[in-house]
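These are my notebook entries on a structure that I have not examined before. I record what I looked up, in the order in which I looked it up.

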There are 2 protein chains.
Amino acid sequence: MKSKLLLGDSFPEEELKQVTRYADIYRLGEMDDGELDAVLSSIDCVLVHLWPERLNSTRVSKMTKLSVIQSGLAGVNHIPFGDLSREVVVCSNAGGYSDEVGEYAWGLLLAAAKRIVRLDRDVKMSGFKRASTLEVGRDVLILKGKVLGILGYGGIGKAVARFGKAFGMDVIVFSRRATEERGVVSLKGRAGLEKVLRDCDALVLALPLTRSTRGMIGGSELALMKRNAVLVNVARAEIIEEEALYRRLVDNRDFVYATDVWWMKEGRESYSPSLPFLKLDNFIGTPHVSGPSAVVGGGPSRMAVRNLLRFFRGEELLNVVDRSEYA
Amino acid sequence: MKSKLLLGDSFPEEELKQVTRYADIYRLGEMDDGELDAVLSSIDCVLVHLWPERLNSTRVSKMTKLSVIQSGLAGVNHIPFGDLSREVVVCSNAGGYSDEVGEYAWGLLLAAAKRIVRLDRDVKMSGFKRASTLEVGRDVLILKGKVLGILGYGGIGKAVARFGKAFGMDVIVFSRRATEERGVVSLKGRAGLEKVLRDCDALVLALPLTRSTRGMIGGSELALMKRNAVLVNVARAEIIEEEALYRRLVDNRDFVYATDVWWMKEGRESYSPSLPFLKLDNFIGTPHVSGPSAVVGGGPSRMAVRNLLRFFRGEELLNVVDRSEYA
């Protein structure tokens, strides 16, 4: 008997074609509420990027046959774990975005370290005074021989480490799993985190948003960092405490935060944060395009669908999430 | 007998200290015209970053003992070759800036490829529409698997190639000298240049401004490049024809030019070009800070002075320029 897959949003048709051999596909976008309610009890898997508002608690509670949710995104913090029965297996799409998001992270890091965003704006606003070239040269962070910190050492972290090594940086990583990789020092626990924060000249956040990483970087963590460090976020904004970061940026104009991810407002990322980050010279923000830059290439969708195919074929699923980290 | 060194501008005192054993140092900034004119005929070497206005043709013609000019800058296009007698040896400071300028070039390349400057501005001006994330994702240039072109393969070009390889790019180089380096294809001549222009997704200019490179990238060269290529200039603006580039940028909004170097106006680089580049979305400009970011570390000065010491000790000079390329 075929599976019944609820498709939450858009995936490439050529990938979905492979699914049709094993499952009937119900497309959320093409069903009215009545049609949706009629199929809920027979759905056994869901494939989705962002969790759809229409799949609220009531509806999820009616999905009594649900056994797998495959996320199209690398992060699964958007999945309503609290609504799911214990049997539901949730798979992330970790690794599907590694190269593209890693490249993007390095772009943010360099744009910040080399003061490119600020200098370009100064030149365009005719605000640049020639006499200050050497001063500005002093502001530019040279990466060679400096320390690159990475929090989280999955696919994105590994790509970032590769770039850091090519730039002649010493790479130190905070990760649950130790790594034996040459040229990478891997640390654990609170003391490990503090050492990474203290030693790094540039820090890239590349870990999932879980119960233990939410608010992980607060005032006391930021206070450990170098005065002129660069902090890059391609993970999730909520790993950082918004107010603590704002204070840090206001009090330390040489500290730069460069982010592609934003705090949530009304259930979605907002590009206008509650605090006036956008007015700060030492804040660089792009509207969460690193993931989409990977999506357009098709890689993440292929990977998500391939994992679902493993489910249909009775093979072991990859990227199964430890639900206790999210509940 | 000691040499007589004319110091055109500022170098670190700790470097100059080593010179005093071999030479008396005459500091241009501390002499009035009378004092300067009095020593010209006894000067045998000059150490300078930018060529000083006060050393005009008349004065240079009086420097009858001059045998070496050591440039503090990597490029020597600012040296008044036409005024120098045949015997004067001119040394560039090529290699002194490689790591820092290479890093900066990669920063410009990523800021352009990842649309970071434009997106940051859009977000800050509240001009970013959420619905267009995937569209923007489509605009973001993924570097992995793409082609990196480099014109000029000295120290800066080699650093850039190293970064390109770490990003998984195919590297093709246009250079007078062939290279046997793994993962780098080196081409020569007009056909070689055209192949690099045609094939590359990102192109970095890292060659000196000479008689043969001035205006080397004009309308027909730009026309060979991909519609959405990124062109990075950390060499000299004059390698590119200003008007042809302006047309290219206006006609091709997906083509991005990111530069740290500017065309000259009244003898110095001007951050307000004659054509309205600064109004273009696909123009990124920083006020020539890549060199200064190296200078503040002291590396280039050390290298320039070390070459002068070779002269004083009768050793063979490095980085001797072929004057026929500049005359």
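**Entry 1: the two chains**

I began with the interface and found 50 residues of chain B in contact (heavy atoms within 4.5 Å) with 50 residues of chain A. The model is a predicted one, in which local features need pLDDT of at least 70, side-chain atom pairs count only at pLDDT 80 or more, and totals for chains, interfaces and linings use all residues. Residues are numbered from 1 along each chain as its sequence is written, chains are lettered from A and ligands numbered from 1 in the order in which they are written, and side-chain values use heavy atoms, with hydrogens and water left out.

I then looked up the buried area, which is the accessible area (1.4 Å probe) that two parts lose on being put together, summed over both. Chain B and chain A bury about 4500 Å² between them, and 69% of this lies on carbon and sulfur atoms.

**Entry 2: salt bridges**

I counted as a salt bridge a side-chain nitrogen of Lys or Arg within 4 Å of a carboxyl oxygen of Asp or Glu. The whole structure has 46 of them over all chains. Within chain A, A:Arg27 pairs with A:Glu13, their closest N and O atoms being 2.9 Å apart. This pair links distant parts of the chain, for A:Arg27 is in strand 2 and A:Glu13 is in helix 1, 14 residues apart. Helices (H or I, at least four residues) and strands (E, at least two) are DSSP runs, numbered from the N terminus.

Four salt bridges cross the interface of chain B and chain A. I also noted a salt bridge between the side chains of A:Asp99 and B:Lys144, at 2.7 Å from N to O.

**Entry 3: helix 7 against helix 7**

How far apart are the axes of helix 7 of chain A and helix 7 of chain B? They are 9 Å apart, and the helices pack at about 165°. Axes are lines fitted to C-alpha atoms, for helices over the stretch in contact, and angles run from 0 to 180 degrees between N-to-C directions. Helix 7 of chain A is therefore roughly antiparallel to helix 7 of chain B; angles under 35 degrees count as roughly parallel, over 145 as roughly antiparallel, 65 to 115 as roughly perpendicular and the rest as oblique. A:Arg162, A:Phe163 and A:Ala166 meet B:Arg162, B:Phe163 and B:Ala166.

Within chain A, the axes of helix 4 (residues 98–113) and helix 7 (residues 155–166) come within 8 Å and cross at roughly 50°. These two helices of chain A are therefore oblique to each other.
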